[in-house]
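Student: I am new to this structure. Please walk me through it.

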2 protein chains.
Amino acid sequence: MISSEIAPHLEFKNNGSKIILFVIDGVGGLPLPKTGLTELETARTPNLDRLASKGVTGMSIPVAPGVAPGSGVAHLALFGYDPFTYDVGRGAIAAYGVGLDMEEDDIAVRVNYAGFNSAEAVIDRRAGRLPTEKNVELCKLLRKIKIHDVEIIIETVLDYRSVVIFRGEGLNPDLSDSDPQATGEGVFPHRVVSLKPRSKYAASVANTFIREANEILRSKEVRNIVEMPNGQHLGILTRGYADRPKLPLMQHLYGLENIGVIASYPDYRGIARIVGMDVIYTGYDLEGEFDKLEETFHNYDLVFFHVKGADSAGEDGNFDEKVRVIEDIDKLVPRLEELSPDTVIITGDHSTPATYKGHSWHSVPFILVGKWCRPDGVKKFCESECRRGSLGLFQATEAMLYALGSAGRIDKFRA
Amino acid sequence: MISSEIAPHLEFKNNGSKIILFVIDGVGGLPLPKTGLTELETARTPNLDRLASKGVTGMSIPVAPGVAPGSGVAHLALFGYDPFTYDVGRGAIAAYGVGLDMEEDDIAVRVNYAGFNSAEAVIDRRAGRLPTEKNVELCKLLRKIKIHDVEIIIETVLDYRSVVIFRGEGLNPDLSDSDPQATGEGVFPHRVVSLKPRSKYAASVANTFIREANEILRSKEVRNIVEMPNGQHLGILTRGYADRPKLPLMQHLYGLENIGVIASYPDYRGIARIVGMDVIYTGYDLEGEFDKLEETFHNYDLVFFHVKGADSAGEDGNFDEKVRVIEDIDKLVPRLEELSPDTVIITGDHSTPATYKGHSWHSVPFILVGKWCRPDGVKKFCESECRRGSLGLFQATEAMLYALGSAGRIDKFRA
C-alpha cells in the first residue's frame with residue numbers, strides 16, 4: 001500500500017507525538033564471499049541491535065522488486081509517495097536542495113563543471129573534483145549571461161556541481177541532457193534536444209546558455225581561477241531538466257504541522273523541501289548532525305534524519321569502510337534514544353552493497369520502535385535477522401502509515 | 001489483493017463444500033509487560049492450537065498498515081471488500097442489523113437515548129445504559145412523530161441504542177452528527193448540518209425529528225417509564241447518517257448460494273446482511289451460538305460465525321478476562337470440528353489489546369484448516385507463532401480467496 005494514497009481516506013490527529021525517520025543511506029548490503037556476512041552483519045552495532053530487540057522489524061522493498069532506485073525516488077517512497085506516479089527531476093532536487101524555490105513555468109537543471117580538451121571532447125566530468133569555493137567564483141561569472149525574456153538563476157551545489165533555473169514564459173522541461181555521461185577523446189557534449197514539440201523554445205534557451213557559459217569558461221579570467229591539467233579547459237555539462245514538482249505536501253497528507261530535515265548533503269535537503277520539510281542546517285560531521293537533532297527536536301512532529309557515509313563507502317566498493325561508518329553511527333544511537341521520540345524508524349533508502357559498488361534493488365532492514373510494539377524476537381539490525389521480523393517483506397511506501405499509526409496519529413477508521 | 005476485485009476474473013463452482021469463517025472479535029493483542037506474553041500467548045487453547053498445527057497460518061493486516069479499523073469496515077475487509085472503496089455508514093449497519101431493509105433514497109441513522117441536564121447539556125451519552133425493554137417502550141412513543149412527506153421507521157437496537165430510517169424523496173445523507181461524543185456541563189448536542197448543498201432538506205427533517213423526539217422524551221409519560229438520576233431528563237443523540245449500501249453481494253461475487261451469519265450483536269448481523277447473508281438468530285450465550293451452528297450448518301455454503309467477548313474485554317483493558325473468554329471459546333472448538341467443514345478460517349477482525357484498551361492496527365493471527373493444507377510447523381494460535389506461518393503477513397481482504405480456493409470452489413484460472 002502507498003501511504004499517500006491511503007492518507008486521504010484517514011483522519012489524523014495532532015497528539016503532540018514525535019517521530020524520527022532515521023535513514024542510513026544505502027545501508028543494505030550483500031555478503032562478502034569469504035565471510036558470508038553483509039556489512040551490517042559484520043559491524044558491531046550493540047545500540048541498533050537493542051532497538052531491533054525493543055521494536056518490530058522487517059525488510060522494505062525500496063520501489064519495486066528487482067529495481068535499484070536513485071536517491072530521490074527512494075526517499076519519496078519512504079515518505080509515502082508512489083515512485084511510479086510522482087516524478088521529480090534531478091534539476092528540481094538540486095534547486096530545492098540549495099534553498100531555491102521554483103515557480104510555475106520554471107525549468108531547473110543540474111550543471112556540472114567539466115574538463116574539455118582542445119577538440120571539445122569531455123575528458124573529466126568532474127573538473128578534477130573542483131572545490132566548492134572555486135565553483136562559487138565560477139557561478140558569479142556565469143551570472144553575467146543574459147538571454148532575452150529569460151531570468152537565469154545560478155547557484156553552487158557542491159564540489160563541481162551547480163544548478164540553474166531558467167524562468168520565463170513558454171519554457172517546457174522535456175529536454176535531453178548535454179552530459180554524455182562518458183569521457184574520452186571521442187566523447188563530445190550532446191546538443192540539448194527538445195523531446196516534445198512544445199520544448200523547442202526551451203532547447204534553444206538551454207543551448208544558448210551552454211554556448212555562452214562555455215565561452216566564459218574558456219576565458220583567461222577563468223584560467224586564473226582554476227588551473228586545469230594537460231591543456232584542458234573548463235566547460236559545463238547539463239543534466240536532468242525538470243519542471244516544478246507537483247507533490248502534495250506531507251503536512252496536508254498526514255496532518256503533521258512541522259517537519260524538519262537534517263541532512264548534510266544538499267540533494268536530500270532538496271527532496272525533503274519538495275515534500276514540505278523545513279531544513280535544519282548542519283555540517284558534514286555526524287556528531288554535528290546529532291547536535292542539531294538534540295537542539296531542534298522539540299520543534300518538530302517529524303524529523304527526517306539522513307546520514308550519507310554508508311552509501312558512499314558502498315559505491316566505492318569499500319566494505320570495511322562501510323562497516324566502520326555503520327559502527328560510528330551505532331555509537332551515536334543512544335543520543336537519539338535519549339530524546340525519547342514516540343516512534344523511531346531506522347532503515348535505509350536502498351541497498352548499496354560494497355561488492356556491487358552501486359545502488360541495488362535488494363530489500364533493506366527496517367526497525368520501528370514505539371510504545372505499542374509487539375516485539376518479534378529479532379535481536380540484530382541486519383538482513384538475516386530483520387527478514388524474520390513481524391513486518392515481513394513490505395513496500396517502503398507503507399513506512400509512513402506504520403510510523404503515524406504507531407505514534408497514535410491516525411484516528412480509528414470508520415464504524 | 002482484494003478478493004472482490006479478483007473474483008470477477010474467476011469462475012466459481014458450487015461443489016457443495018462448506019466453509020466456516022470464525023471471527024473472534026478483537027482477538028489480537030499485545031504483550032503484558034510483566035510476562036512478555038499476549039492474551040493469546042497466555043491463554044490455554046489446546047483445541048485452537050491443534051487446528052493451527054493441522055492448518056496453515058499467518059497474520060492478517062485488518063485494513064492498512066498502522067490503521068485501526070472500526071468493526072464494520074474490518075468485517076467488510078474479511079469478506080473481501082476494499083475498505084477504501086466501500087463505505088457503509090453506521091446508520092445503515094444498525095438498520096440492517098435489526099432486520100430493516102433500506103430503499104433507494106432512504107437515510108438511516110443511529111439514535112442513542114442520552115441523559116441531559118436542565119440546561120440541555122449532555123451528561124450521560126448512554127442514559128445509564130438504558131435496558132433494552134425501556135428502549136422498546138420509548139421507541140413506541142417516538143413513532144408518533146409525523147413529518148410531512150417523510151415516512152419514519154424506528155427500531156430498538158440494544159440497550160440505549162436505536163435506529164431511525166427516514167424514507168422520502170429528496171433525502172440525502174451528507175449530514176453531520178448531533179452527538180457531540182463528549183459529556184459535561186458545557187457540552188451540548190450539535191445541530192445537524194448539511195455537509196453538501198443537496199442535503200439541506202434532509203438536515204431540516206433530521207432537526208425536526210430530533211426536536212420532536214426531545215419534546216416527547218421530556219414528557220411526564222416518559223418520566224414514568226424511565227427514572228433518570230440527579231434531575232436529568234432523556235433526549236436523543238444521532239450519529240452516522242447513511243444511505244443505502246451499494247455493495248455487490250457475496251453470492252454474486254463468489255458463486256456461493258446460501259450464506260449465513262451467527263452473531264449475537266446486531267451490528268455484526270447488519271454488516272453481514274448488507275453483503276447478502278441470512279441471519280441465523282441466536283442469543284448472547286456462546287454455547288447457544290454453537291447450538292445454532294450445529295442446527296443450521298448443513299443449509300449453508302458459508303457461515304460467518306462471530307463471537308464478541310474478547311473485543312469487549314480488550315476495550316475494558318481487562319487482560320485476564322480476555323484470556324478467560326479465549327479459553328472459553330477454545331473449549332467449544334471441538335463442536336466446530338465435529339461438523340467437518342471443508343474449510344475453516346479462525347481469525348479476528350482486528351486486534352483489541354487489553355493494554356491498549358481499544359481497536360488497534362496490529363496484525364491478527366489467522367488459521368485456515370482444510371483438506372489441502374501444507375502444514376507450516378506452527379503449533380499455537382497466537383501472534384508469535386502465526387507470524388512464522390506460511391501465509392506470512394497479508395491483507396485481510398485476501399482471506400475469502402484462500403477460503404474459496406481451499407474449499408475447491410475456484411476453477412483453474414485460464415489455460
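Tutor: A polar contact is a pair of N or O atoms within 3.5 Å; within protein, one must be able to donate a hydrogen and the other to accept it, and residues adjacent in sequence count only if both atoms are side-chain atoms. This is a predicted model, where local features need pLDDT of at least 70, side-chain atom pairs count only at pLDDT 80 or more, and totals for chains, interfaces and linings use all residues. Residues are numbered from 1 along each chain as its sequence is written, chains are lettered from A and ligands numbered from 1 in the order in which they are written, and side-chain values use heavy atoms, with hydrogens and water left out.

Student: How many residue pairs are in polar contact across the interface of chain B and chain A?

Tutor: Both residues of a pair must be at pLDDT 80 or more. On that rule the interface of chain B and chain A has 14 residue pairs.

Student: Which residue of chain A forms a salt bridge with Asp87(B)?

Tutor: A salt bridge puts a side-chain nitrogen of Lys or Arg within 4 Å of a carboxyl oxygen of Asp or Glu. The rule finds 1 across this interface. The closest N and O atoms are 3.1 Å apart, and the partner of Asp87(B) is Arg414(A).

Student: What area do chain B and chain A bury between them?

Tutor: Buried area is the accessible area (1.4 Å probe) that two parts lose on being put together, summed over both. Carbon and sulfur atoms hold 64% of it. The total is about 2,300 Å².

Student: Is strand β12 of chain B mostly covered or uncovered?

Tutor: Strands are DSSP runs (E, at least two residues), numbered from the N terminus. Buried means under 20% relative accessible area (1.4 Å probe, protein chains only). One side of β12(B) has Val364(B), Phe366(B), Leu368(B) and Gly370(B), the other Pro365(B), Ile367(B) and Val369(B), all buried. With 7 of its 7 residues buried, β12(B) is mostly covered.

Note on methods:
Buried < 20%, exposed > 50% of the residue type's maximum accessible area, 1.4 Å probe, protein only. Helix = DSSP H or I, 4+ residues; strand = E, 2+ residues; numbered from the N terminus.
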